[in-house]
Amino acid sequence: MKIVKLGMPLLMVAAMAGCSGGGEPAGKTTITFSYLWSGTEAEALEKIISEFNAGQDKIVVKGVSSPDSQKQLASMSSASGTFDISDNFGNAVGSWAAKGILAPLDDLLKDVDTGAFAPAAMNQMRYRGKTYALPISVHTFQLLYNKKLLDEAGVKPPTTTEELAAAIGKLTKTDDKGAITQLGLGNPSLPNSLTTLGYAFGGTWDGTDPAAPAPTPADPGNLAALTFWQDTITKKYGADKVAAFTAGWGQYMSAQDPFYAGKVAMVIDGEWQAVSIPKNAPELEWGVTAIPVARPDLAGATQLTASTLFIPANSKHKQEAAVFLKHLVGEKAMRDFNLALGNLPARTAMADDPAFARIPNFTAWMEAMKSPKVRSLASAPYAAEYATDLGSAFDSVARGGATPQEAMAKVADRGKNYARD
Amino acid sequence: MRATERAGRRRELLRGLAFAAPFLIGFAVFIAYPILASFRYSFTDFNLFQEPQSVGLDNYARMLSDERMWQSLGNTLYLTALGVPLTIVIALAGAHVLNMPVRGQPLFRALVYLPTIVPVVVGGYLWRWLLNAQYGFVNHGLNLLGIPGPLWLENPDWSRPAIVLMSLWTVGGTMVIYLAALKDVPADLYEAAAIDGAGTWRRFTHITWPALSPVTLFQVIVTLIGFLQIFAQPYLLTQTRLNTSSGGPEDTMLSYAMYLFQNAFVFLKMGYASAMAWVLFLITLVITAVLLLTSRRWVHYGSR
């Protein structure tokens, strides 16, 4: 049975090879834009698509919301795919480019200045010197805090990791049995929190050369960040106690989200919160500040991720897809799209765009985009495996099951078997 | 005469094949081909997009030193060792209870079977909340009994029992098969035993258990295969947001099938995943063979 389960998708892939776009209006080329977004995000995108279609008479773009990333991969594995342009995340670019499923954009988009996009995002878009994707949105991480809880505890928003440790201490409350009733620093995503803290301690997860990335889990800065987490949370309050408290957390970004509900005083999270909080927790008084750093020279250190647009290598209409891609990453479409989604525009010059200043607290994340210390995880072929192994190791560290050194040595060891190209 | 007979037979054969064609073609294309293809891929480095590169036995050799593979295999065997006996015992006991002549018996039977028809994804999300350490009904119930509930999904010692617990929820299917088998045990045997003065336990050990043993063998094999391939339950219980692949606390909920899936569709290591699939197939084959060999000692056919 297992073998059948494994074999089936391969067959479905083969079966899908024949499907492709249908009839075309006279003189116009129809291209398909399959995107992973859905709901209100898809609506915003459809508006941009119809504007593009109305604005010229050579290309008709057909938008298809298809949030299934397995389907996306399947389409790209056959000789002729089902779409000409699609989206994904920055960390997938290297793996896909290495497998030859992305069309290089250097020649297709000669007149697009890649220097205009956030450099940390562009690092993810390149593989072996060629550009395989362009960012439409970027995301940065900053420290969100509950104003009321900080005021009550007499805590000022921390700027250094020492202050952060002290703040966590003051903002974590336990009852007479030692059970946690309020946690100083939450973790909406432990991997995001810990990789970001790694940068804040001067660490790097993929070496120092973006052109030749290699996993460096045991970098001293990374170990310092993991030790910080163990010392200020796990060891101080007990792994079991933290787990018991975490177990009662509601759904992320729902009205029961622990940060929204005041169970957690601070979280490291992305700019989408600026749109989500007014919607899901309108009563919450919150602020946002830069990620606290270990040394003054690290000020502004944080993590950036990217949402990308790419053209699959099996597209039959690469030129037309490129024209549309250029439109999407142009200033107007980028502004409209990111305003609708509450994401950061990927163009550095738009970091000061007044349109975004209307979103409360949004500028903190916009600032992070401009910081020379902003880093991104490498989009190398090993990215997916590395992320999974780091996820397991982080869990182990946060649970107190392993020391940071042990956990990261194990990841480094597994790294020897990662796909290199 | 002979020639026409032969022609007639041939025509009959062709006609038979034509009628069986929908299955045969489906079997060849959707079952036989993928099985053979996965066997070939297991000796290659294959990422779904580029031509498979032959690597000989590398994939199998790498499995030996893959700590995570061993952990996932260990987890799976743990689940199997705990889950199979519990399934059999509970199903058998439950079948006896359902066999009692009480009012509303059909209703109880339907209720017991009900979870089996709930889609596993729905059941998965339901159990995530039932097993929630703070608000879950499981721990609420335990608290009422004065037992402090464990952190089911957060504690590495309790995460695997949590998966077994969730799997046992659908024990109704096994129970219903036992119930049907119970009805087939000849009543005269019980009557004879009663006359001889056999008590409930002796009637069970000397009549019911031997008479049910062929069904038990079937149930053990089916349940065993189910547990060795377990995927949906741990996958749903460990799923984090954005579908990031996770193995639960200390990777204790990473089943073999989940790790296989990760390799295939997250890391795109189709060759390695194919090798893993074949190893699981061999493990299943060996355990089943051992079970069938021992069955001569404890399975009784033709009790009547």
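This is a predicted model: local features need pLDDT of at least 70, side-chain atom pairs count only at pLDDT 80 or more; totals for chains, interfaces and linings use all residues.
Me: How do you know that the span of helix α13 of chain B agrees with its number of residues?

Reply: Helix α13(B) covers residues 270-298, which is 29 residues, and at 1.5 Å a residue these should span 42 Å. The C-alpha atoms at its ends are 41 Å apart, so the two values agree.

Me: Which residues of α13(B) are buried?

Reply: The buried residues are Met270(B), Gly271(B), Tyr272(B), Ala273(B), Ser274(B), Ala275(B), Met276(B), Ala277(B), Trp278(B) and Leu280(B). The term requires 20 or more other C-beta atoms within 10 Å.

Me: What makes up the side of chain B that touches chain A?

Reply: Chain B gives 38 residues to the contact, and chain A gives 30 residues. On the side of chain B, the elements that give two or more residues are α1 (2-41), α12 (256-266) and α13. The largest share, six residues, comes from α1(B). By class, this side of chain B has 20 nonpolar, 13 polar and five charged residues.

Me: Why are strands β1 and β2 of chain A called paired?

Reply: At least two bridges are needed between two strands. Strand β1 (residues 29-35) and strand β2 (residues 59-65) of chain A have seven bridges, in the parallel sense, so the term applies. In one of these strands, β2(A), Gly63(A) is the bridge partner of Phe33(A).

Me: What is the hand of the crossover from β1(A) to β2(A)?

Reply: The chain leaves β1(A), passes through helix α2 (residues 39-55) of chain A and reaches β2(A); this β-α-β crossover is right-handed.

Me: What makes β7 and β8 of chain A a pair?

Reply: Strand β7 (residues 173-174) and strand β8 (residues 180-185) of chain A share two bridges in the antiparallel sense. Two bridges meet the requirement of at least two, so the strands pair. Thr174(A) has Ile180(A) as its bridge partner in β8(A). Five residues lie between the strands of this hairpin, in which Gly178(A) takes a positive phi near 90°.

Me: Which strands pair with β9 of chain A, and in what sense?

Reply: Among them is β8(A), which pairs with β9 (residues 264-270) in the parallel sense over two bridges. The bridge partner of Leu185(A) is Met266(A), and that of Leu183(A) is Val264(A). Strand β6 (residues 134-146) of chain A pairs with β9(A) in the antiparallel sense over five bridges. Tyr145(A) stands opposite Met266(A) in β9(A).

Me: Why is β9(A) described as mostly covered or mostly open?

Reply: Seven of the seven residues of β9(A) are buried. Each buried residue has 20 or more other C-beta atoms within 10 Å of its own, so the strand is described as mostly covered.

Me: What domains does the assignment give, and how far apart are their centres?

Reply: In chain A, the assignment gives domain 1 (29-139 + 305-362) and domain 2 (140-303), with centres 31 Å apart over C-alpha atoms. Each of these domains of chain A gives 11 residues to the contact between them. The side of domain 1 of chain A that touches domain 2 has five nonpolar, six polar and no charged residues. In chain B, the assignment gives domain 1 (1-40) and domain 2 (66-297), and 38 Å separate their centres.

Conventions. Residues are numbered from 1 along each chain as its sequence is written. Chains are lettered from A and ligands numbered from 1 in the order in which they are written. Helices (H or I, at least four residues) and strands (E, at least two) are DSSP runs, numbered from the N terminus. The expected span of a helix is 1.5 Å times one less than its number of residues. A residue is buried if 20 or more other C-beta atoms lie within 10 Å of its own, exposed if 12 or fewer, and partly exposed in between; C-beta atoms are placed from the backbone. Domain bounds come from an automatic or database domain assignment. Two residues are in contact if their C-beta atoms, placed from the backbone, lie within 7 Å. Ala, Val, Leu, Ile, Met, Phe, Trp, Tyr, Cys and Pro count as nonpolar, Asp, Glu, Lys and Arg as charged, and the others, Gly among them, as polar. A crossover is right-handed if, with the strands pointing away from the viewer, the path from the first strand over the helix to the second runs clockwise.
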